[in-house]
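I opened the model today to look up salt bridges, chain copies and domain contacts. My entries follow.

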Number of protein chains: 2
Amino acid sequence: MTGADALVSTLADHGVTACFANPGTSEMHLVTALDRETRINSVLCLFEGVATGAADGYGRVKGEPAMTLLHLGAGYLNGGANIHNAKRAKTPMVNVIGDHAVDHRKYDAPLNSDIMGLAGPNSIWIKSADSVGATGKLAAEAWAASFGPEPGPVSLILPADSAWTEGGVKGGAARRPSLRQTPPEKIEAAAAAIGRASQPVILINGTALSEEGLGHAARLKKAGIRIITDTFYAKMRRGAGVFAPDRMQYFAEGAMDDLEGSDVMILAGTHKPAAFFAYPGKPSLLVPEGCTVLDLGGADTDSAKTLAALADAMGAHEAAPSAPLDKPDAPTGALDARAVGKSVARHMPENAIVSDDGVSNSMPVFLSTIKAEPHDWMGLTGGAIGQGLPLALGAAVAAPDRKVIALTGDGAGMYTVQALWSMAREQTDVTTVVFVNHTYRILNIELARTGAGNPGPTAKDMLEIGGPDIDWVSLSESMGVPATAVTTAEDFDAAFEDAMKQTGPRLIAAIVPG
Amino acid sequence: MTGADALVSTLADHGVTACFANPGTSEMHLVTALDRETRINSVLCLFEGVATGAADGYGRVKGEPAMTLLHLGAGYLNGGANIHNAKRAKTPMVNVIGDHAVDHRKYDAPLNSDIMGLAGPNSIWIKSADSVGATGKLAAEAWAASFGPEPGPVSLILPADSAWTEGGVKGGAARRPSLRQTPPEKIEAAAAAIGRASQPVILINGTALSEEGLGHAARLKKAGIRIITDTFYAKMRRGAGVFAPDRMQYFAEGAMDDLEGSDVMILAGTHKPAAFFAYPGKPSLLVPEGCTVLDLGGADTDSAKTLAALADAMGAHEAAPSAPLDKPDAPTGALDARAVGKSVARHMPENAIVSDDGVSNSMPVFLSTIKAEPHDWMGLTGGAIGQGLPLALGAAVAAPDRKVIALTGDGAGMYTVQALWSMAREQTDVTTVVFVNHTYRILNIELARTGAGNPGPTAKDMLEIGGPDIDWVSLSESMGVPATAVTTAEDFDAAFEDAMKQTGPRLIAAIVPG
């Protein structure tokens with residue numbers, strides 16, 4: 001077998017079932033190897049940012065890595081922002097980056113670049129398979145490395161000659177590393193600190209946001225401890241019957257007001273909370289003065305088990321109640337994010353997956369769906385907008401029997417709009433809702449908050465994406481995804497209900513106030 | 001003034017007239033500073049790859065840097081592939097990368113990343129303005145650094161607090177570095193080697209491709225020396241009345257056949273030629289065995305002056321003739337790249353600028369336009385497709401009185417299709433021709449050449465971008481660029497003629513064989 005065959009079949013042996021790809025000449029042997037490896041579903045993406053965002057979505061849903069196929073350093077760069085997001089989401093992902101043949105590198109041909117340098121900062125593991133014999137072994141190593149201890153994207157560079165040469169050997173079965181357990185003495189110290197506190201709070205992320213983890217969180221809540229999640233997380237279980245923790249507010253001053261009086265903060269599956277951005281004269285660290293912080297382990301730790309142990313240590317056996325299913329009435333009148341939220345809560349089927357890249361418009365939908373059918377919510381962990389559509393694509397490939405709902409702003413959606421084409425090609429069951437307000441609305445808010453002054457005409461222009469207005473129906477249909485634009489709550493509700501009843505990709509342009 | 005004001009006004013003092021921007025929260029003070037700096041035209045781009053490709057186009061046309069405004073490391077990554085292309089084009093470009101406030105970095109907020117690490121490999125200069133006092137001075141330094149000695153993209157990181165703090169000081173006038181001159185003894189050695197050679201060839205790039213440089217090249221040609229350009233270059237003057245050198249063939253075996261018998265190769269403004277990709281059993285270095293190579297200076301050298309000195313040293317005073325204006329007859333019948341080439345040659349106005357990202361279809365257009373109106377041709381220097389539309393946008397911003405023609409494949413065009421929106425917004429005079437063949441045609445060719453075997457269904461799927469076919473007319477019009485699709489040579493000719501007679505953006509989808 002060739003090195004490409006060894007690499008691909010080793011990943012398949014380890015359970016990788018999808019490759020999101022944008023290949024070039026140096027990856028032709030990988031393409032034909034994928035042709036022979038029927039256990040891997042190859043999904044063509046027209047832009048690498050789609051491929052990497054899709055691998056992130058797949059990894060969040062499956063808890064195991066997908067493979068991407070990227071074309072040299074330039075292909076890595078195109079996929080880089082969504083790899084940044086995946087790194088922040090702690091998503092296992094195996095990025096296979098094709099490179100020139102080893103002997104060809106020294107001639108510095110046009111596509112040559114310092115792949116190790118470019119990809120290093122956002123890779124938790126990076127190696128180059130510079131001989132055919134190394135391809136299978138390194139594929140197994142890469143797969144295992146993607147699980148951490150803190151999971152994330154790994155980069156496996158594959159020179160073209162290592163891919164095309166015969167003599168590849170499959171890598172042996174690699175062990176999947178487990179997340180760490182919080183040491184018992186730390187659990188005891190946290191329980192004691194909580195016991196002495198007047199307003200204890202536990203900030204959670206990671207596996208604590210699974211159904212199991214939230215079950216333990218509900219026990220701690222019942223014991224009088226406030227439970228709060230990070231503002232953004234890779235995936236959380238929520239909806240009817242699931243304990244709903246609070247969510248850290250996005251804006252620093254709101255978060256600080258909200259946390260006022262908290263005297264003990266326990267961290268489980270996360271780190272000390274920091275503001276998304278710095279602002280003149282506003283705090284960066286979101287911990288009240290005098291509040292004691294106890295760290296029970298970050299993303300390398302199984303925070304669901306941490307909460308279980310802590311609840312056990314505190315003798316907290318009963319769980320706080322969770323809300324029963326409660327669907328709102330049909331929204332009426334002018335369309336806005338609240339109306340969208342009601343419709344989503346009304347019609348979303350059980351076990352749906354929401355990919356949230358809706359920036360300024362998604363919070364009302366988030367709040368509306370607390371009592372909706374149980375579902376998973378995936379957020380923008382790394383702050384690089386342009387994640388929502390690719391993430392939805394990958395989630396749908398990972399879970400073809402579940403409905404996926406992508407919420408995106410028009411600004412965010414345009415970054416990786418090519419994802420629509422892959423949704424059409426794969427006929428993934430994704431309903432995309434684009435909040436069309438013809439503006440980077442969040443930036444208009446931020447402009448005031450940063451004290452940058454009143455915007456003049458140039459500044460205004462830089463935050464408005466009208467002129468020309470983007471016609472999302474034409475845009476979507478040009479790539480094969482049926483679309484409709486709506487301007488009233490009634491029309492949105494009907495369009496969304498229809499989308500939930502059918503399968504396959506579709507897009508609803510929700511025209512909302514700017 | 002704030003640090004943002006100091007940075008922006010220093011760049012304006014040095015002649016920067018355009019900023020291609022995709023701002024975020026950390027750049028709000030840059031946005032309002034641009035509002036106050038009326039000498040800089042701020043162009044909003046919906047994706048950073050558009051901004052950086054546009055700055056490349058601007059720099060190639062003006063010979064001076066534009067500014068880009070990118071949002072932290074993720075914004076840099078999104079713009080990274082076209083920065084790679086710009087680095088290969090030796091285009092001066094000042095990338096201003098917003099960052100978190102200096103004190104905020106340590107909290108590792110979601111958008112935090114190792115910007116130095118990510119941007120370093122493709123920056124010829126990179127610094128961070130970590131105090132407000134440094135902003136103006138570093139802006140001047142960055143501007144000067146972008147000219148080299150080998151020009152290219154520089155990265156100036158601007159933390160948000162350095163931008164928002166009062167106390168900025170404009171940077172003093174920086175000196176623009178000049179390209180180097182080839183030492184006289186090297187010129188003499190080259191002249192002597194040519195004198196002894198039976199088949200001398202001069203490989204040229206850089207300023208040798210200017211009208212002046214090609215004038216000197218014509219003198220050397222007349223003296224019996226073959227003149228050949230690199231396959232890809234940033235910009236070349238060509239058309240009626242301009243000496244037309246040969247062009248290095250793309251495929252290694254073709255290039256080697258073509259160069260057979262050459263016994264002396266002189267390099268002027270370039271380096272030893274290498275194949276774009278390596279192939280099993282094919283050469284990487286495109287120099288015939290036994291051929292002596294003399295290097296008269298690479299991209300750091302003024303190769304037009306090198307050729308002048310060499311021609312003087314050889315007493316070559318007379319120039320080889322150049323072709324007079326000769327426009328082909330109207331094409332008829334089925335539409336293909338040759339027919340497109342005829343129409344372009346017939347209707348392209350004087351002094352047009354062509355941005356070529358047409359991959360497998362642009363060569364016939366290139367060949368057809370040798371005797372067309374004099375024009376500039378800009379190629380894909382770094383091999384990262386997705387350059388064509390942004391490059392055309394930036395060229396049109398730099399030269400609003402010149403017609404710009406973008407040639408792109410449908411595969412390449414989809415990478416940075418968001419450029420169409422900025423063309424519409426700025427009403428740039430760009431006519432985009434998309435070769436629509438619903439396939440990565442070049443990869444179908446490369447699949448065979450790399451010996452990767454016969455494609456099975458998966459491999460075929462990965463190289464075809466039909467299913468669904470992209471509707472380029474809807475896609476273009478959704479972003480405000482009027483468009484038409486044509487399937488015959490007659491219809492293309494009429495559409496292209498019409499586009500040349502009008503101003504403003506438009507797109508022609510040329511449906512060609514796959």
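Entry 1: I looked up Arg60(A) and found its side chain in a salt bridge with that of Asp56(A), 2.9 Å from N to O. A salt bridge here is a side-chain nitrogen of Lys or Arg within 4 Å of a carboxyl oxygen of Asp or Glu. This is a predicted model, where local features need pLDDT of at least 70, side-chain atom pairs count only at pLDDT 80 or more, and totals for chains, interfaces and linings use all residues. Residues are numbered from 1 along each chain as its sequence is written, chains are lettered from A and ligands numbered from 1 in the order in which they are written, and side-chain values use heavy atoms, with hydrogens and water left out.

Arg60(A) and Asp56(A) sit four residues apart in helix 3 (residues 48-62) of chain A, so about one helical turn separates them. Helices are DSSP runs of H or I with at least four residues, strands are E runs of at least two, and both are numbered from the N terminus. Are Arg60(A) and Asp56(A) buried or exposed? Both are buried. Buried means under 20% relative accessible area, exposed over 50%, and partly exposed in between (1.4 Å probe, protein chains only).

**Entry 2: a pair across chains.** Next I checked Asp108(A), which forms a salt bridge with Arg88(B), the closest N and O atoms being 2.7 Å apart. Asp108(A) lies in the loop between strand 4 (93-99) and helix 5 (115-119) of chain A, and Arg88(B) in helix 4 (residues 72-89) of chain B, so this pair joins two chains. Asp108(A) is partly exposed at 33% relative accessible area.

**Entry 3: two domains.** The domain assignment, automatic or from a database, gives chain A domain 1 (3-164), domain 2 (184-313) and domain 3 (337-511). I counted contacts (heavy atoms within 4.5 Å): 20 residues of domain 2 of chain A touch 23 residues of domain 3 of chain A. Two salt bridges cross this interface of domain 2 and domain 3 of chain A. I also noted a salt bridge between Glu253(A) and Arg449(A), with the closest N and O atoms 2.2 Å apart.
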